[in-house]
Amino acid sequence: MRLLSLLLLAFVALGTVLLPQLQLAEDNPAEDERIEPTLEGDEFPEPRTSPSERHLSPMPAEQAAETMELPDGFKATVFAAEPDVSNPIGMAWDDRGRLWVAENYTYAERSQRFDLSLRDRVLIFADSDNDGHADSRTVFTDDVQMLTSVEVGHGGVWLMCPPALLFIPDANGDDVPDGPPIVMLDGFEVAQNNYHNFANGLRWGPDGWLYGRCGHSCPAMLGTPGTPEEERIPMDGGIWRFHPEREIVEVLCHGTVNPWGHDWDENGELFFVNTVIGHLWHMLPGSHFREPIGESQNRNVYERMDMIADHYHFDTSGSWTESRDGAADDLGGGHAHSGMLIHQSELWPEEYRGRLMTLNFHGRRANVERLERTGTGYVGRHEPDFMLSQDPFFRGIDLSQGPDGSVFVIDWSDTGECHDHTGVHRESGRIFKISYGDPPNPGEVVKPVCLKGDGDLQRLWTDYQYGRTSYRSLRRLASHRDEHVRVWAIRLLTDFWPLDTLFGPLDSFEYPDDPKTVKLLIKMAGSDLSGLVHRVLASTLQRFPVKHRKALAMELVAREEHADDHQLALLTWYGLIPVAQQRPDEIVQIADRCVWPSLHYSIARYLATRIDEQPDLLDRLLSMADRFSQASQEQIVNGVSDALRGRRSAPIPESWEQFTDLAGPRELQETTRELSIMFGDERALAEVRALALDTEAELETRRKALGVLIEMRPSDLREICESLMNDQTLNVTAARGLGLFDDPEIGVKLADSYLLFAPDQRPSIIETLASRVSFAGALLEAIGDEEGTIPRNDVTAVHARQIQSLGNETLTERLSEVWGELRESSGERRKMIESLKKQLTDQRLHAADLSAGRALFNKTCSQCHRLYGEGNKVGPDLTGSQRANLDYLLENILDPSAVVSKDYQMSIIVTIDGRVMNGLILTENDQTITLRTATDEVTVNRDDIDDRQQTPLSAMPDGLLQTLTGDQTRDLIAYLMHPQQVPLPDAAEEQIANE
């Protein structure tokens with residue numbers, strides 16, 4: 001919703017934040033087709049296209065517009081194109097109906113990230129006769145770098161140039177800067193191991209704040225220049241806002257991957273789009289949203305909220321690439337989304353009003369979502385795609401509604417996937433205008449192009465930004481007939497109340513003394529019938545003084561109509577975390593009144609973490625559980641179990657036996673029995689021991705029982721595991737248990753028994769053998785012996801690095817003798833990449849055995865990566881990656897540590913009994929750390945850890961191709977590049993069927 005630059009409404013002229021009423025740009029017809037710039041000054045550096053891109057060129061702009069597939073009645077015209085614009089990355093409208101465009105030339109290849117020998121530029125385009133083509137072009141500034149966004153207002157121009165938000169004053173609006181850029185906000189650091197996810201997306205909101213976005217791979221610490229570190233606001237992806245007059249910043253939500261598009265609907269609800277893990281999100285302050293891996297940095301955020309769409313734009317079951325590039329129109333084109341608008345013009349057909357549009361990056365199209373109110377929030381429904389480009393270079397970045405209701409699309413115009421891995425084409429760029437019928441000249445538009453209900457919201461936003469509202473007038477709106485007006489009354493009443501940061505309230509927070517508003521909002525939580533009001537109040541918990549949060553929560557959590565609203569329960573918990581930390585007695589009182597099972601889970605999990613210091617808290621919760629629903633009782637058990645996972649003992653709550661008498665399903669009884677063992681119940685331990693050894697019991701029951709024994713480590717664990725080593729259904733689990741004992745004889749026994757384990761279980765046996773100095777010698781001898789006890793090819797680079805991390809010179813030397821050298825210099829890796837590029841020609845790849853390549857993937861890669869829905873989730877899912885690009889594949893396989901996201905940096909944990917484990921940290925709390933290794937998810941008690949290191953290395957090691965022959969390397973690479981799944985070789989299929 002372009003409240004500040006598109007709407008032809010008087011409320012757009014709000015104080016110094018908003019702009020004067022829209023006027024037509026002065027006539028400035030072009031003499032010829034090219035628009036001449038008006039800038040005079042030093043010469044702008046000539047943009048240089050990457051060598052790999054110089055032989056390529058996009059479809060001619062006019063042809064790209066003519067061939068664009070649109071619904072009947074719509075047409076596309078070229079508003080501007082190269083050479084007048086290149087690499088457009090952001091746009092905004094001013095009060096004169098002119099389009100401001102940010103050009104980014106400094107973004108570079110992956111190895112460089114930004115080429116700072118170049119500069120970026122801000123252009124102003126106008127179309128005085130409204131014929132769909134710009135007829136004037138002005139350069140406002142060409143002296144900035146790393147530019148990702150532009151917005152106009154408050155007496156100047158705002159630019160996002162990470163790590164800073166800049167303001168260039170232009171008080172008289174003559175399109176000439178009044179001075180150099182002023183740093184208004186900093187801390188948007190560009191991570192050293194990242195080449196995308198930068199801060200972007202400046203847009204004015206209906207509340208007068210400047211909103212922006214940032215991806216989670218570039219975590220930020222925000223503040224005005226000079227703000228001390230302890231007072232800065234942490235950000236790990238999401239949406240932020242800045243108030244230009246008060247100069248304060250808030251991080252409104254946390255998470256997702258790379259949000260690159262947001263807008264407000266007609267009621268002022270903010271939605272944004274994201275990539276990879278889901279495309280559509282409803283932003284409410286205080287939300288913690290899902291990320292692709294791991295858990296929140298706030299250890300008390302146990303689960304994060306999900307997107308609101310009821311669908312994906314790609315095939316999540318496996319063959320993601322089949323949904324790309326127009327191959328599956330019903331899905332939508334792919335996982336990457338850029339730019340977003342909610343169309344609100346009455347000049348377009350009714351079916352498009354209020355529809356959300358976003359550009360699908362790989363699908364070269366505009367996806368459409370229908371937003372529906374449901375329960376306490378919204379759901380996004382899939383609508384037919386609106387636009388499809390035939391230009392292979394089309395890389396839509398953003399779209400915006402213009403003054404006449406038309407939609408403007410900026411096209412980066414380049415090839416390749418995300419991040420310009422193949423190089424940057426800096427000599428093309430387009431701005432398309434998509435219109436319906438013959439749009440009127442903006443000066444002829446007398447009715448607002450933005451549809452609003454009865455106008456009360458418009459007046460509210462106008463009055464608020466003009467300073468014509470008061471706490472009293474806003475409180476009166478709490479009884480307004482429209483739920484959206486009531487929602488905005490809540491928001492504006494608490495607009496400057498400090499919002500919890502990622503980790504909770506800061507010590508420097510000062511809450512206003514406004515008892516009347518506090519009392520009103522508590523009353524609304526109990527009496528208002530709107531689910532949306534309830535969700536906004538749950539969000540507002542994080543603005544409430546902690547001492548008042550209990551009263552508000554007690555009203556919300558008693559509402560039975562929201563008992564199954566999982567997202568609402570999560571949002572409410574986020575606001576209650578400081579209550580649990582500072583006033584834990586109150587959180588028990590809230591639990592007593594609560595009828596939401598999901599909230600009972602979070603409360604139980606938190607109280608269980610305090611079982612050593614304050615065991616009475618959990619005991620009180622358990623003692624009242626007989627009054628709760630069975631769903632809540634189950635969630636309490638799950639919460640306690642998750643909190644204590646990895647521990648071998650804990651003090652038993654006084655009410656535990658009473659609680660376990662409550663009836664429940666079998667799964668619940670099994671979990672309570674496991675907890676009883678942890679609490680020291682010898683009867684429960686004996687039951688589990690008997691189950692593990694009972695050959696008549698169900699296999700899965702025995703496996704779980706043995707797993708519990710391994711976690712609890714009873715005195716006879718070694719004896720139990722050794723007795724089960726000849727049981728092929730349980731031997732791999734028994735081997736995991738034996739791995740806890742530092743005895744060389746165990747290593748020899750595991751190595752000698754290697755071929756008795758099923759093929760898909762052998763990687764975990766090698767991982768166990770590589771975890772101890774006392775075991776690894778037996779592994780290396782088995783590799784080097786004449787009998788081939790353990791085939792050399794079964795030891796992957798992951799295992800080799802594990803052995804190296806043991807820090808034993810003798811083992812490292814032996815590894816080199818029987819397996820090979822693991823680490824080469826960067827120069828050697830570059831030579832290997834270039835050598836393989838020459839060998840893996842199109843002709844050679846075409847001759848590959850793809851089925852054999854799939855079998856190699858299952859053996860070599862699937863321990864860590866998923867492809868087409870198969871494999872593990874240690875590293876990124878490869879289904880949606882840039883697999884079709886040979887350079888991308890070879891660089892990531894042969895030099896995986898060149899650029900490593902923080903999510904995939906390897907950690908090394910050494911236990912006090914000598915085990916060494918490599919993997920990714922998934923989650924941690926005060927008692928345990930959970931590590932994802934190549935074959936398992938391991939929870940380690942902190943008391944058992946001797947040393948812990950986080951390395952700058954990728955969890956994926958070098959040397960992955962080292963044990964493969966030339967043909968095997970060809971087959972694996974060809975399979976990885978193939979756009980769809982292929983069958984396994986017959987022998988492999990038969991083997992799998994027999995397992």
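Which backbone oxygen does the side chain of R364 reach?

Good morning, colleagues. What we have is a predicted model, in which local features need pLDDT of at least 70 and side-chain atom pairs count only at pLDDT 80 or more, while totals for chains, interfaces and linings use all residues. Residues are numbered from 1 along each chain as its sequence is written, and side-chain values use heavy atoms, with hydrogens and water left out.

To the opening question, then. The side chain of R364 reaches the backbone oxygen of D391, at 3.3 Å; a polar contact here is a pair of N or O atoms within 3.5 Å, where within protein one must be able to donate a hydrogen and the other to accept it, and residues adjacent in sequence count only if both atoms are side-chain atoms. R364 sits in the loop that links β22 (356-360) and β23 (365-374). Its relative accessibility is 16%, so R364 counts as buried. Buried means under 20% relative accessible area, exposed over 50%, and partly exposed in between, with a 1.4 Å probe and protein chains only.

Now the chain as a whole. It has 29 helices and 34 strands; these are DSSP runs numbered from the N terminus, helices being H or I of at least four residues and strands being E of at least two. Of the 995 residues in the protein chain, 62% are buried. Among contacts with a separation of 6 or more, 66% are between residues 24 or more positions apart, a contact being heavy atoms within 4.5 Å.

How many disulfides does the structure hold? The count is zero, where a disulfide would be a pair of cysteine sulfur atoms within 2.5 Å. C161 is buried at a relative accessible area of 6%, and C253 is buried at 0%.

Let me turn to an open sheet of four strands, in the order β6-β7-β8-β9, with antiparallel pairing. Because β6 (149-152) and β9 (182-186) stand at the edges with a single partner strand each, one side of each is left without a neighbour in the sheet. Two strands pair if DSSP finds at least two bridges between them. Four bridges join β6 to β7 (residues 156-161), and the two run antiparallel. Within this pair, V150 stands opposite L159.

On one side, β17 (residues 262-264) is joined to β18 by three bridges in an antiparallel arrangement, with D263 opposite F271. The hairpin of β17 and β18 has five residues between the strands, and G268 in the turn has a positive phi of about 80°. β18 also pairs with β19 (residues 280-282), again antiparallel and over three bridges; there the bridge partner of F271 is H282.

Finally, a helix. Which residues of α11 (residues 615-624) are buried? They are L617, L618, D619, L621, L622 and M624. Their cover includes α9 (584-593), α10 (597-609), α12 (630-644) and α13 (656-660). Thank you for your attention.
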